Amino acid sequence: MPNVEELIQKVLEYNPQAEVGLIRRAYEFAANAHKGQVRKSGEPFLKHPIEVAHILAKMKMDAASIVVGLLHDTVEDSLTTGEDITREFGSDMAGIVDGLTKIGKVEFLSREEKQAENFRKMILSMGKDIRVILIKLADRLHNMRTLDPLTPDKQKRIARETLEIYAPIANRLGIGWMKVELEDLSLNYLKPEVYADLANKVELKKAERDKYIEEAIEIVKQNLKVYGFQANVYGRTKHFYSIYQKMESQGIAFEEIYDLSGIRIITDTKVNCYAILGMIHSIWTPVPGRFKDFIGVPKSNRYQSLHTTVIGPRGHRVEFQIRTEEMHKIAEEGIAAHWKYKDRGQIDTKDHKIYNWLRQMMEWQQDLVDSKQFMDSVKVDLFPDVIYVFTPKGDVKELIRGATPVDLAYSIHTEIGNRCMGAKVNGKMVPLRHHLKSGDTVEIITNPTHVPSKDWLKFVKTPRARNKLKHIIKLEERRRSLEIGRKLLEKELQRIGASINSLIKSEKSGDILRNHNVRDFDELFILVGYGKVSVKQIIREVFPEREEKEETQERVEITKHKRVSGGVKVRGVDDILLHFSKCCNPVPGDRIIGYITRGRGLSIHAATCPNVDELDYDKERLVGVEWDVSEPSTYPVRISVLTIDRPGLLASVSTSITSSEANISHADISTTEDKKAVLNFVIEVKDLPHLERIIQKIEQLNGVLQVKRMMGR
C-alpha cells in the first residue's frame, strides 16, 4: 500500500512550499477514523483515500486538495463529524468534505432521485470551490479501477453513472487523460465481451500499425528538418471507447477502421502550428471535411489544437493533431494545468466565461425541482455534439448540434430569448426552427412586447432554452388563468347580484379557501381559470339560495322562446331559441352537442370544438341534439390555404371554391417571410361531404401546400 511519505515526495516535486505537516496530520486522522475498516476486496479501507490523494498529486493539486483527498470518506464512512473536520483542519476543508459527502440520511423514492440529489449537492459545492469536483473525479477514478470485487449489477450501475456523468465532466474540465481512462474502464464493465474483443484485435494489429505510424513519422520529421520547424512528433493510439463509438455510430466493423492510430505534433508557436499544417497538406492529400481549427475557435474547456486527416503512405488515412506545448498541457490536464494555489478553489472571471456550463447547472438545480428533469438536463449538456456560431459582433457561441436561433437567444440572455421574434442567418431571414450550422453568423431580432410561444418547445435543443421556456410559459399560463378565472367568476356573480368583493368578505370565504386547499383568492381564481374548479361550484358554496332561484327562473324563460329553424332537432324540447357557435361553425355531418347559455338559448357546437372542454357547464345544461336535413340550407365554414406566393394562385383557389357550388363570404390574404401565402376564407357549404370535396379540389392545385378547416377562434 502506498505510504504517506511517497505521497509527500510526489507533492514536493511540483510544489516545494507545500504544507507537508498538514498532509501528515490528515493521513494520521484518516488512519484513525478508518482503523479496522476494510473494502470489499479485503484490503484496508485506508488504501482508497491514499490512492485518491496520489491521483490528485498526479494532477498537481494544492496541499489542501491532497488533505481533503485523504479525509473525503471520514464523515460518510466513520464516526467522524463535520465539526471534527472543522476543528482539526478549518472550515474551508470541512466545506469541501461536506460537498463530497453523500446524502445518506434522506429517504428517496428511487436510486435515480438519490443520484440526482447527490449530484445537485455537489454542483452547489463546486460552485463555491471547484476542487470539489476535481477530488470527486479522483475518487471515482480509483473506485472504477477497483470495481472487480463488487457484484456485476453494481459494477454496471457504477460504470453507467461514470460514463453518463463523470467522464463527460472530466472532458468538460479538459482533463483528457482522465476522461479516456474513465471511458475505457466503463466500457470494460458495461460490455466486457466487446472490450475483450477490441483489446485482442488492437493487440494483434499493434506491430503492423506501429510500423506504419513510424514510417509516417519519419517522413514528417524529415520535412520538419527541411523547413526548419522545431517540433516533437510521436504516435498515439485511439482508446477503446472511441473505437467502439466509431463502430457503433458508423455501423462498421473493426477491420474497416483505418485510423486506429494518429500522429501528434507539438511545436513552439501558434504560427508554426498553421505552418506545419500547410506542410502536412503539401505532403499528403487532406480528406475533405476532416479539418478542424480548435486554435482559432477553442472548445469551451479551453482545448486548442489543429485536427486534420490525410491520405497517408500507401493510401491509408492518418489523423494529425498539431498544437503548442501549452495547448498540449491544457488538453491533457485541463483546469488543473493552470491551477492557482492562492485562489482557494474559486474560478476567476476568465474561467467563468470558459466553464459557463457550471453556472447553467447551478441555475438548473435552482429552477428544476424535479430530480429527473435536472439529471436529464445535465446529461444532455454533458454530451454536446457541438457547433460554433458567431454573433454580429464576432463573438463565438458553442451550441448543441441541431440548435436553433431560439437556443442561441437564450444562451446569450434570458430576456433576449423571451423577446426573440425572428432571426437572420448570414444576413437572410430564417424561421426560428432553423437548424444552425458551424460558421453561421446569427442575428437575433427582438421585440420588447413579444412573448415566447409554447410551440418553441417542439424544436429547441438546449436544456437552458427548454427550461427557461417552461418556466416563462408556466408563469404566463398562471397569469392568464388568474385573469380568466377572475373574469368568469365576476360575470357569474354579477348575474346573481353579487361581486368579487362580496365573495371575499363573505363569512364563508375562509371555508372556501380551506375546501379548495388554496392560500388566497388569487390561487382560487387560477384554479377556476385552469378549469379545475367550476364557477357554479363556488357560487353554490357561498350563495346557494340565489343560484337555485336563478336556475328556476332560467328554465321558465327558456320554455317561452319560439323555435328557430336551423336544421337541428332538439330532443325533448319543441320550442327553443338556438344558434350555431361561431368558434367552430358546425355543418351537417359533424357530431354536435347543445349547451344552454344564459340569455341566448341553446348554443350548438361541433363535438370536436376546442372550446367545448373550456365550457363551465353541468349536466343540466347539456341537451341532446341532432341534424335535421329535411330543409336544405348552407352553413359558414372557415378554411385556411397555405400556398407558394406566386401570381394567379388566389384566382385558382377562388375558382375551385365557386365551381364546387360554394359561395365565398369572406377572404383574407397574408404572406410570410419565407415566400409563402396564407389564404383564409369563410365559405358557405351544404354539409361535411361538400366541404371535403372542396378541400380535395383545392389540394390538387399546383402550388398549394396545405388546406385545413379552422376550428376555434
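In which sense, antiparallel or parallel, do strand β7 (residues 386-390) and strand β8 (residues 396-400) pair, and over how many bridges? The two strands pair in the antiparallel sense over five bridges, where pairing requires that DSSP finds at least two bridges between the strands. Within this arrangement, phenylalanine 390 has valine 396 of β8 as its bridge partner. Five residues lie between the strands of the hairpin, and glycine 394 takes a positive phi near 95° there.

The model is a predicted one, in which local features need pLDDT of at least 70 and side-chain atom pairs count only at pLDDT 80 or more, while totals for chains, interfaces and linings use all residues. Residues are numbered from 1 along each chain as its sequence is written, and side-chain values use heavy atoms, with hydrogens and water left out.

The secondary structure of the protein comprises 28 helices and 21 strands, these being DSSP runs numbered from the N terminus (helices H or I, at least four residues; strands E, at least two). Of the 713 residues in the protein, 48% are buried, a term that stands for under 20% relative accessible area, with exposed meaning over 50% and partly exposed in between (1.4 Å probe, protein chains only). The protein exposes about 37,000 Å², and carbon and sulfur atoms supply 50% of this area, as computed by the Shrake-Rupley method with a 1.4 Å probe, with only the protein chains shown counting as cover for residues. Among contacts (heavy atoms within 4.5 Å) between residues at least 6 apart in sequence, 66% join residues at least 24 apart.

The structure holds 10 aromatic pairs, defined for rings of Phe, Tyr and Trp (its six-membered ring) whose centres lie within 6.5 Å, with planes under 30 degrees apart counted as stacked, over 60 as edge-to-face and the rest as tilted. In one of them, the ring centres of phenylalanine 29 and phenylalanine 89 are 5.5 Å apart and the planes stand at 85°, so the pair is edge-to-face. This pair links distant parts of the chain, since phenylalanine 29 belongs to helix α2 (residues 20-33) and phenylalanine 89 to helix α6 (residues 82-89), 60 residues apart; both phenylalanines are buried. Tyrosine 195 and phenylalanine 240 likewise form an edge-to-face pair, at 5.1 Å centre to centre and with 80° between the planes. Here helix α12 (residues 192-227), which holds tyrosine 195, is linked with helix α13 (residues 240-250), which holds phenylalanine 240, the two residues being 45 residues apart. Tyrosine 195 is partly exposed because its relative accessibility is 22%, whereas phenylalanine 240, at 17%, is buried. One aromatic cluster is formed by Phe580, Trp627 and Tyr635.

The side chain of glutamate 319 is joined to that of arginine 236 by a polar contact of 2.3 Å. Residues up to four places away in sequence being left aside, glutamate 319 touches several residues, including Lys238, Gly262, Ile263 and Arg290.

Lysine 461 is found in the loop between β11 (442-446) and α21 (463-495) and is partly exposed, with a relative accessible area of 40%. The C-alpha atoms of lysine 461 and isoleucine 400 are separated by 7.0 Å, although the two residues are 61 residues apart along the chain.

Methods. Polar contact = N/O pair within 3.5 Å; in protein donor to acceptor, adjacent residues only side chain to side chain.
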